[in-house]
Amino acid sequence: MKVVIQRVLNASVKVDGNITGKIKKGLLIFLGIESGDSDDMLKKYADKIVRMRIFEDENGKTNLAPADVGGSLLLISQFTLYADCRKGYRPSFTGAGSPDMANELYEYITEQCRRCESIADVQTGRFGADMKVELLNDGPFTIILDSDELM
């Protein structure tokens with residue numbers, strides 16, 4: 001699994017011109033699922049995401065989690081995080097999980113995040129859709145998590 005986390009002042013996602021998810025202050029999360037990912041791994045990632053201390057406290061230190069600032073989450077499935085650009089100029093996406101499996105795990109991690117009672121709101125895009133994502137990155141502050149490095 002690959003996860004790109006962006007601290008945002010606001011973010012939204014549209015499908016066919018209609019907003020499917022919109023948050024104010026919080027985290028915009030792009031999720032890439034690969035074939036070896038599992039429910040157990042996603043539970044750990046959901047926990048890490050909702051507890052990620054990347055918001056500033058009263059002293060300007062990144063010491064607060066989304067719940068501490070009333071933050072929300074916007075989760076977007078993004079298989080292109082598994083682009084393999086080592087050969088030629090056209091990326092290969094063979095490392096991404098199959099659509100059925102990836103959708104199941106995307107729904108699973110979304111549900112795990114929603115179970116965290118301290119998160120104000122969890123919004124999503126639409127799996128497999130052509131999405132238009134708008135965001136106002138706060139910082140900018142972007143973190144990349146990779147299961148090959150964390151698990």
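Is Phe 127 buried or partly exposed, and what is its relative accessible area? Phe 127 is partly exposed, with a relative accessible area of 25%, where buried means under 20%, exposed over 50% and partly exposed in between (1.4 Å probe, protein chains only).

The model is predicted, so local features need pLDDT of at least 70 and side-chain atom pairs count only at pLDDT 80 or more, while totals for chains, interfaces and linings use all residues. Residues are numbered from 1 along each chain as its sequence is written, and side-chain values use heavy atoms, with hydrogens and water left out.

Two aromatic pairs are counted, a pair being rings of Phe, Tyr or Trp (its six-membered ring) with centres within 6.5 Å, called stacked if the planes are under 30 degrees apart, edge-to-face if over 60 and tilted for the rest.

| Pair | Centre distance | Plane angle | Class |
|---|---|---|---|
| Phe 79 and Phe 93 | 5.1 Å | 75 degrees | edge-to-face |
| Tyr 106 and Phe 127 | 6.0 Å | 40 degrees | tilted |

Phe 79, at 47% relative accessibility, is partly exposed, and Phe 93, at 31%, is partly exposed as well. Tyr 106, in contrast, is buried, at 2%; this residue belongs to helix H2, whereas Phe 127 lies in the loop between E7 and strand E8 (131-146), 21 residues apart. Helices (H or I, at least four residues) and strands (E, at least two) are DSSP runs numbered from the N terminus.

The buried residues of H2 include Ala 102, Leu 105 and Tyr 106, while Asp 100 and Glu 104 are exposed on the other side of H2.
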